[in-house]
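Colleague: I've got a model open on my screen and I'd like to learn how to read it. Can you walk me through a few features?

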Amino acid sequence: MKKLSLVLLVLFSSQLFAAGGAIELESARIDLDNKASLQRGAKYFVNYCLSCHSAKQLRYSRMAKDLEIPPELVELNLMFTGEKIFDGMTISMRPEDAVKWFGVNPPDLSLIARSRGSDWLYTYLKSFYVDASRPFGVDNALFPKVGMPHVLADLQGMQQAVYKDVELEDGSIRKVIDRLEIVEPGRMTEKEFDKAMNDLVNFMTYMGEPAKLERQRLGWKVLMFIFLMIVVFYFLKKEYWKDVH
């Protein structure tokens with residue numbers, strides 16, 4: 001199976017520009033309580049990302065616990081290179097080999113969703129299109145001159161860019177990307193691919209802060225305790241000062 005090499009080295013913004021045209025970010029539906037989505041996202045991450053990108057800050061054992069996957073199933077279906085269940089999600093590719101093959105050592109993705117944003121990742125994964133001038137035959141509408149192949153093409157298919165003319169301030173005309181259209185279907189429909197990428201981004205968002213839900217639940221308990229103690233201290237104060245004039 002093809003593996004995903006995400007080289008995400010672009011500044012995050014609510015709106016980015018590609019080929020002179022504004023590319024608006026699409027909203028990812030992040031739901032860290034959706035264990036089924038996170039489990040599917042883990043599958044896509046391991047199958048398409050983990051050969052080139054590590055996620056060293058997340059241990060397989062932590063993922064198994066949080067995503068409610070039996071450890072034996074994690075070892076059987078999500079661990080392929082002799083790792084142990086308590087290991088972080090590392091890769092066997094050497095940095096010097098990565099530089100030779102891709103021109104850059106692909107970054108660790110443990111915190112990529114926190115640094116770039118979930119919407120950026122979701123839009124990026126959906127924005128590859130055919131461009132014969134690029135080394136791998138594709139470019140990305142969100143990340144121009146991207147340095148990776150479209151390895152999700154077997155799922156999404158191949159897209160082409162549809163351009164429109166835009167008049168610039170100096171009166172000149174420039175072609176910009178208007179939209180992307182499928183020209184060679186993949187194994188998934190558009191809705192299926194959108195759902196798959198949402199699951200993948202959902203998992204990568206979880207991966208950036210595995211303790212987030214636990215921290216939020218603990219936060220509510222702390223607030224309830226503080227509120228309860230305020231009530232107790234209020235009545236204690238009244239009892240203590242009732243005979244003081």
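Colleague: Let's start with helix packing. At roughly what angle do the axes of helix 1 and helix 8 cross, and within what distance do they come?

Modeller: Keep in mind that this is a predicted model. As a general idea, two packed helices are described by the angle between their axes and the distance between the axes. Here, helix 1 (residues 35-48) and helix 8 have axes that cross at roughly 95° and come within 7 Å. Angles from 65 to 115 degrees count as roughly perpendicular, so that is the label for helix 1 and helix 8.

Colleague: Which residues of helix 1 and helix 8 meet?

Modeller: On the helix 1 side, they include Leu-38, Arg-40, Tyr-44 and Phe-45, and on the helix 8 side Lys-195, Asp-199, Phe-203 and Met-207 are among them. Sorted by class, the contact of helix 1 with helix 8 has 10 nonpolar, three polar and three charged residues.

Colleague: And helix 6 with helix 8: what are the crossing angle and the distance there?

Modeller: The axes of helix 6 (residues 118-125) and helix 8 cross at roughly 145° and come within 9 Å. That crossing is right-handed. By class, the contact of helix 6 with helix 8 has eight nonpolar, three polar and one charged residues.

Colleague: Now the core. How many residues does the largest nonpolar core have?

Modeller: In soluble globular proteins, nonpolar side chains tend to be buried together. In this model, the largest nonpolar core has 58 residues, and those with the most contacts inside it are Phe-45, Met-63, Val-74, Tyr-124 and Phe-203. Helix 8 (residues 190-208) gives the largest share of this core, nine residues. Leaving out residues up to four places away in sequence, Phe-45 touches Leu-50, Ala-55, Met-89, Leu-109, Leu-200, Phe-203, Met-204 and Met-207.

How values were computed. Residues are numbered from 1 along each chain as its sequence is written. This is a predicted model: local features need pLDDT of at least 70, side-chain atom pairs count only at pLDDT 80 or more; totals for chains, interfaces and linings use all residues. Side-chain values use heavy atoms; hydrogens and water are left out. A nonpolar core is a set of buried Ala, Val, Leu, Ile, Met, Phe, Trp, Tyr and Cys residues joined through side-chain atoms within 4.5 Å. Buried means under 20% relative accessible area, exposed over 50%, partly exposed in between (1.4 Å probe, protein chains only). Helices (H or I, at least four residues) and strands (E, at least two) are DSSP runs, numbered from the N terminus. Contact means heavy atoms within 4.5 Å. Axes are lines fitted to C-alpha atoms, for helices over the stretch in contact, and angles run from 0 to 180 degrees between N-to-C directions. A crossing is left-handed if the near helix is turned anticlockwise from the far one by less than a right angle, and right-handed if clockwise. Ala, Val, Leu, Ile, Met, Phe, Trp, Tyr, Cys and Pro count as nonpolar, Asp, Glu, Lys and Arg as charged, and the others, Gly among them, as polar. Angles under 35 degrees count as roughly parallel, over 145 as roughly antiparallel, 65 to 115 as roughly perpendicular and the rest as oblique.
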